[in-house]
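Visitor: I would like to learn how to read the main features of a fold. Please take them one at a time.

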Amino acid sequence: MTVTIVTPVYNGMPWLPECVQSVARQRDGVEIEHLVYDGGSTDGTTEWLREHASLGYEAIIGPDGGQPTLS
């Protein structure tokens, strides 16, 4: 069984490295698919994701539609 973890992020540098490293440490004996969706950050998040891909996540980077709202 594969466990999928989805991490949405926008300007998340204060917490993103700790989050990604925490997931990476928990892979022992567990099949984990970690998807990190960056909505177009401007605080270095995008660069960090590109530089640390060896931690085992898939980064999906680009503008999104923002926070959904109920109408």
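Predicted model: local features only at pLDDT ≥ 70, side-chain atom pairs only at ≥ 80, totals over all residues.

Visitor: Which elements make up the protein chain, and in what order do they run from the N terminus?

Guide: The order is β-α-β-α-β, which gives 2 helices and 3 strands. Along the principal axes, the C-alpha atoms fill a box of roughly 40 × 30 × 15 Å. Of the 71 residues, 27% are buried. Among contacts between residues at least 6 apart in sequence, 62% join residues at least 24 apart.

Visitor: How are the strands arranged, and is the pairing parallel or antiparallel?

Guide: In general, strands of a sheet pair through backbone hydrogen bonds, in either a parallel or an antiparallel sense. Here the 3 strands form an open sheet with parallel pairing, in the order 1-2-3. Strand 1 (2-9) and strand 3 (57-61) are at the edges; each has a single partner strand, so one side of each has no neighbour in the sheet. From one strand to the next, the twist averages 20 degrees.

Visitor: Over how many bridges do strand 1 and strand 2 pair?

Guide: Strand 1 and strand 2 (residues 31-38) pair over 8 bridges. For a position to look at, take Thr4, which stands opposite Glu33 in strand 2.

Visitor: Where does helix 1 lie?

Guide: Helix 1 (residues 16-25) lies across strand 1, strand 2 and strand 3, and runs at about 165 degrees to strand 2.

Visitor: Which residues of helix 1 are buried, and what do they pack against?

Guide: Leu16, Pro17, Val20 and Val23 are the buried residues of helix 1. Viewed down the helix axis, these residues fall within an arc of 135 degrees, so they line one face of helix 1. They pack against strand 1, strand 2, strand 3 and helix 2 (45-51). Glu18 and Arg25, on the other side of helix 1, are exposed.

Visitor: How many aromatic pairs are there?

Guide: An aromatic pair is described by the distance of the ring centres and the angle of the planes. The count here is 1 aromatic pair. Trp48 and Tyr57 form this pair, with 6.4 Å centre to centre and 15 degrees between the planes, and it is stacked.

Visitor: Are Trp48 and Tyr57 buried or exposed?

Guide: The cut-off for buried is under 20% relative accessible area. Trp48 is buried because its value is 10%, and Tyr57 is buried because its value is 8%.

Notes: Residues numbered from 1 in each chain as written. Heavy atoms only, no water. Phe/Tyr/Trp six-rings, centres within 6.5 Å; stacked < 30°, edge-to-face > 60°. Buried < 20%, exposed > 50% of the residue type's maximum accessible area, 1.4 Å probe, protein only. Pairing = 2+ DSSP bridges. Helix = DSSP H or I, 4+ residues; strand = E, 2+ residues; numbered from the N terminus. Axes fitted to C-alpha atoms, helices over the stretch in contact; angles between N-to-C directions. Contact = heavy atoms within 4.5 Å. Arc of directions from axis to C-beta.
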